[in-house]
Amino acid sequence: MAMIYCRECGRRYSDRALACPKCGYREFDLSKSVAVYLILCWFFGVIGVHRFYAGKIGTGFCMLVLSCTIFGMIITVPWALIDFIVGVCNISTPQNIFAFKKK
Ligand SMILES: [Zn+2]
């Protein structure tokens, strides 16, 4: 478990917390929904669209490039499936799915 500093009040708290326990500031982007993430993952997951949505641009781009070839899709199809299962398991803990806001 990692500790992060609140950018609003400076308090240190667990990165597993949804928001700062002192001031309620949320470190990750709540405008994104896990439901949308799962839909993107299910229909377009092979090309990594859900990872772009979650802010994981690097691995999303990796999936996009890999899925251009049949061989790459052997990797990205199960990868997307795993992402979908992980997403379902984290419906109530979106901070595990979405990348933290950049400072
Ligand atoms: Zn705070």
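The protein chain splits into two pieces by domain assignment: domain 1 covers 1-30 and domain 2 covers 31-103. Taken over C-alpha atoms, the centres of domain 1 and domain 2 sit 24 Å apart. Keep in mind that this is a predicted model.

**Zinc site**

- Four cysteines hold the zinc ion through their SG atoms: Cys 6, Cys 9, Cys 20 and Cys 23, at 2.2 to 2.3 Å.
- Along the sequence, these zinc donors follow the spacing C-x2-C-x10-C-x2-C.
- Why is the arrangement around the zinc ion tetrahedral? The angles between the four donor atoms run from 105 to 116 degrees, and the cut-off for tetrahedral asks that all angles lie between 85 and 135 degrees.
- Cys 20 counts as buried because its relative accessibility is 4%, and the limit for buried is under 20%.
- Cys 23 has a relative accessible area of 40%, so it comes out as partly exposed.

- You'll find Leu 40 in helix α1, which spans residues 34-44.
- Leu 40 is at 18% relative accessibility, so it counts as buried.
- Leaving aside residues up to four places away in sequence, Leu 40 touches Gly 45, Val 49, His 50 and Tyr 53.
- Leu 40 and Phe 84 are 44 residues apart along the chain, and their C-alpha atoms are 9.3 Å from each other.

**Aromatic pairs**

- A pair of aromatic rings is described by two things, the distance of the centres and the angle of the planes.
- The model has three aromatic pairs.
- One of them is Tyr 37 with Phe 98, an edge-to-face pair at 5.9 Å centre to centre with 85 degrees between the planes.
- Tyr 37 belongs to helix α1 and Phe 98 to the segment after α4 (70-89), so this pair ties together parts that are 61 residues apart in sequence.
- Tyr 37 and Phe 98 are both buried.
- Another pair, Trp 42 with Phe 84, is tilted, with 4.9 Å centre to centre and 50 degrees between the planes.
- Since Trp 42 lies in helix α1 and Phe 84 in helix α4, the pair ties together parts 42 residues apart in sequence.
- Is Trp 42 buried or exposed? Trp 42 counts as exposed, because its relative accessibility is 53% and the cut-off for exposed is over 50%.
- Ring pairs also join Tyr 37, Tyr 53 and Phe 98 into a cluster; Tyr 53 is also one of the residues that Leu 40 touches.

Key
Residues numbered from 1 in each chain as written. Predicted model: local features only at pLDDT ≥ 70, side-chain atom pairs only at ≥ 80, totals over all residues. Heavy atoms only, no water. Domains from an automatic or database assignment. Helix = DSSP H or I, 4+ residues; strand = E, 2+ residues; numbered from the N terminus. Buried < 20%, exposed > 50% of the residue type's maximum accessible area, 1.4 Å probe, protein only. Contact = heavy atoms within 4.5 Å. Donors = N, O, S within 2.8 Å, 3.2 Å for Na, K, Ca; no water. Tetrahedral: all angles 85-135°; square planar, octahedral: opposite > 155°, others 65-115°. Phe/Tyr/Trp six-rings, centres within 6.5 Å; stacked < 30°, edge-to-face > 60°.
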